[in-house]
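Hi,

Here is the structure I said I'd pass on. Have a look at it first, and then read on for what turned up.

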Amino acid sequence: MGMTITEKIMACNSGRDHVVPGELVWTDVHTVMTMDFLGKQCFDKFESLGKKEVFDKNKVICVSDHLVPPPNQKFANMLNEWREVVKKHNITNFYDLGRQGIAHQIMVEQGHVLPGNISIGTDSHANTYGAVGSMGNAIGVTDAAIAMATGKAWFRVPETVKFNITGKWQPWVMAKDLSLHIMGMMHWNGHLLYKSLEFTGPAIKSLSMAGRMTLCNMTVDLGAKNGIIAPDAVTERYLRNRTTDPWEMINSDEDAKYDQVYNVDISDLGPTVAMPGKLDDTVPVEKLIGTKFNKAFVGTCTNGRLEDFAMMAEIMKGKQVHRDVNMILVPASQTVYLEALRAGHIETLIEAGAAIDTPSCASCAGIHTGVAGDGDVVLSAGNRNMTGRMGSRKAAIYLTSPAVVAASSITGEVTDPRTFDK
Amino acid sequence: MIKGTCWVASDYVMAYDIITSEYWTSPIDPKENSKWVMAGVKDEFNHKNAFKDKGYTFIVAAHNFAGGGKSIEHVITGLMGSGIQAVFATSFARLQFRNAINYGLPFVTSSDINKGCETGDELAYNPENGIIKNITKGISFQSVPAAPFVAEVSKAGGLMNFVREKIAKGEPIE
């Protein structure tokens, strides 16, 4: 019997010809990522295993993203300890302040994740790596420490659910809208727990790498184990200048067995918003037209890419952010920042009255810059909207696409980017 | 056999609320993490050692326990540090399910457990046959038995010990 792409990846990285869902396997990992606020503990645990050197100093990827630049002394001290331990282990790929970005952006953008491989990271949005056909998986510090020592991790082979996405993308509709639409359709509390989600179909083929990253990124928020898109010409073009490591085109067999298959036609899909508190409580933007908010945020591993900045610049060019709105924009990496700067998007957005923050997780994790205070109503293009996510437990967070945030920030109320300046 | 009282979650409990964001940057340590565990779940647990001081042995929950997508291990060490020896739920979020396995804390799936227990009930859990008895109410629940690998890791006292022993003996990890 045939295998799905995720089953194939798990089989070939565990030295097997075939695996079936439910099976427990130890697989090789291609790369292990950890970042500033957990990394020191990974290395400490790694050392406690009795190993002196990591399995491959080129394959342990260290990123400063949650705490940089440090907003307080506690974080500054944590960063110092982190730098010391990374240096001690002679890690080749250390993306520290100045070369930093959000870890998941760095992993994909710098070619550390490849089709057909398994890469793990100590942050839940490691599912992002599926955008290039990698099995990206979030793990804890324990798994990272063990992988650093052995180059291996254990997995239960997941059942695969296929999403066949058809239809043509409407103008101003983004991958984020599809993510939120699927969230509303599948709910948050169970249907997709532990599953591997495979996205296929013509609307996926036409999706940019940035969009693919957004879609795979949020599969963790559906409760899934991973999200994956088989590599194609878009992947090949994207990876060409990012890696010299070999990789192969890999795809699901035609007779692969799926747990479920869902067909989603996006022809009528419009901008979508998740209501505060629950990711699966989604509504079309039309339902919220006129809703006031005072904070706007676009950034994160979900929506901090060049394409997102280009979309916002197009909408906001020559206009002004509403006087009752504070808008914070955070490029997902220094590379994205520079590209957006060179393309003129940053200039356009600053002229419109948006503040640009240094690449980091920033407001999204609620522990760094730009946090939400009591009574704040945030319109965010991040990935989570539960109580307290961005700081105060008395703040409300609406989640949506960068296009909706951009158009709405001009008017000061939730606005449909398809019609706002008509 | 493990015996003790249970706390029943009134709604499905998120990892975010078990350990709130101000404690994500704490060291992963049962004693430290248990001080503020469950602080975001209920106001009554939002003061130092509040959950721990209740002395519960078990948690009974419904869908997607420890969901919301955080992979931090503080959630598990926080529960363990406050004396929790097993969590029973109708389903678990994958990230914390994995962490629980790695720490040897039984996260036990039982399809109707949430319908028959009240906070404070005395339960007895037999990991061998997966039976959860509610001694107070005189009823029993069947649970999904742990997979052999999970039982092996639990016996070793967690995945770190399991792997450490293999490394020390020069055994392959497979």
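To get your bearings, start with one residue: in which helix of chain A does Ile346(A) lie? It sits in α13, the helix that covers residues 345–351 of chain A. Before going further, please keep in mind that this is a predicted model.

Is Ile346(A) buried or exposed? It counts as buried, because 20 C-beta neighbours fall inside 10 Å and 20 or more is what a buried residue needs. If you skip the neighbours within four places in sequence, the contacts of Ile346(A) are Ala340(A), Leu341(A) and Ile356(A).

Now zoom out to the domains. Chain A splits into domain 1, residues 5–264, and domain 2, residues 272–419. Their C-alpha centres are 24 Å apart, and 34 residues of domain 1 of chain A are in contact with 37 residues of domain 2 of chain A. On the domain 1 side of that contact, α4 (103–109), α6 (175–186) and α8 (209–217) of chain A each bring in at least two residues. The largest share is from α6(A), with six residues. By class, that side of domain 1 of chain A has 15 nonpolar, 13 polar and six charged residues.

Next, the two chains. How many residues does the contact take from chain A and from chain B? It takes 38 from chain A and 35 from chain B. On the chain A side, β1 (24–28), α2 and α5 (141–150) each supply at least two residues, and α5(A) gives the most, six residues. The side of chain A that touches chain B is made up of 16 nonpolar, 13 polar and nine charged residues.

From α2(A) come Asp36(A), Phe37(A), Gly39(A), Lys40(A) and Phe43(A), which meet Met78(A), Leu79(A), Glu81(A), Trp82(A) and Val85(A) of α3(A). Sorted by class, the contact of α2(A) with α3(A) holds six nonpolar, one polar and three charged residues.

Enjoy looking around!

Notes: Residues are numbered from 1 along each chain as its sequence is written. Chains are lettered from A and ligands numbered from 1 in the order in which they are written. This is a predicted model: local features need pLDDT of at least 70, side-chain atom pairs count only at pLDDT 80 or more; totals for chains, interfaces and linings use all residues. Two residues are in contact if their C-beta atoms, placed from the backbone, lie within 7 Å. Helices (H or I, at least four residues) and strands (E, at least two) are DSSP runs, numbered from the N terminus. Ala, Val, Leu, Ile, Met, Phe, Trp, Tyr, Cys and Pro count as nonpolar, Asp, Glu, Lys and Arg as charged, and the others, Gly among them, as polar. Domain bounds come from an automatic or database domain assignment. A residue is buried if 20 or more other C-beta atoms lie within 10 Å of its own, exposed if 12 or fewer, and partly exposed in between; C-beta atoms are placed from the backbone.
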